[in-house]
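Please open the model in your viewer and keep the sequence panel beside it. We will go from stop to stop, selecting a few residues at a time.

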Amino acid sequence: MSPEDTYAGGLRKVARVILLDPQERILLLHGHEPDDPADDWWFTPGGGVEGAETREEAALRELAEETGITDVELGPVLWRRMCSFPFAGRRWDQDEWYYLARTTQTTTVAAGLTDLERRSVAGARWWTCGELARAHETVYPTRLAELLRTLLDEGPPARPVVLDTEIV
């Protein structure tokens, strides 16, 4: 079993990826509660740091596992966020770092998912900033459309921006 499947609480160190393609679209995964596909949301690729790996290593590993995308230029940490949410019958408390990454590889293949991910990830989609701003679906982090617009307009921040804590 992977560490995600055996998560037992505490503060989980997480690396997430803001993956942009040449058209400045962002890749989001479509997730849902394992036993309730109607309870769904969109989120950035990424996951927990395993063993002695760095967050950068975790970001690239998770991206490869969840999307099959390995042709990536990993950039700086854009944002940091603390969050807490219920999922799969337990509470997850996470310290998330969001890395900027760029790719020309836009075909996704989710070949490395854990059992829990296979039961809760329904697919992936590339979004334009405008589509994201108009979306009625739940997206995490909740201000992603605004954050993406600022990133595209101004470039990466000089140092990571600390986002508001999200507790669901």
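A pocket here is an open set of points, on a 1 Å grid over the protein atoms alone, where a 1.4 Å probe fits, with protein on both sides within 12 Å along at least five of seven lines; its lining residues have an atom within 4 Å of a point. Grid points are joined across faces, edges and corners, and a volume is the space filled by probe spheres set on the points.

Before selecting anything, note that this is a predicted model, in which local features need pLDDT of at least 70 and side-chain atom pairs count only at pLDDT 80 or more, while totals for chains, interfaces and linings use all residues. Residues are numbered from 1 along each chain as its sequence is written, and side-chain values use heavy atoms, with hydrogens and water left out.

**Stop one: the largest pocket**

Select Arg 16, Trp 41, Phe 43, Phe 85 and Phe 87: of the 33 residues lining the largest pocket, these lie nearest its centre. The volume of this pocket is about 570 Å³. Now colour by secondary structure, where helices (H or I, at least four residues) and strands (E, at least two) are DSSP runs numbered from the N terminus. Elements giving two or more residues to the lining include strand 1 (11-20), strand 3 (36-43), strand 5 (72-87) and helix 2 (115-120). Strand 5 provides the largest share, six residues.

What is the lining made of: how many nonpolar, polar and charged residues? There are 13 nonpolar, nine polar and 11 charged. In this count Ala, Val, Leu, Ile, Met, Phe, Trp, Tyr, Cys and Pro are nonpolar, Asp, Glu, Lys and Arg are charged, and the others, Gly among them, are polar.

**Stop two: two loops with positive phi**

Go to Glu 24, in the loop between strand 1 and strand 2. Its phi is near 65 degrees, a positive value in a residue other than glycine. Next, pick Ala 88 in the loop between strand 5 and strand 6; this non-glycine residue also has a positive phi, of about 55 degrees. Glu 24 is partly exposed at 31% relative accessibility (buried is under 20%, exposed over 50%, partly exposed in between, with a 1.4 Å probe and protein chains only). Ala 88 is partly exposed too, at 24%.

**Stop three: a cis peptide bond**

Select Tyr 140 and Pro 141, which are joined by a cis peptide bond with omega about -5 degrees. Pro 141 sits in the loop between strand 8 (139-140) and helix 4 (144-154).
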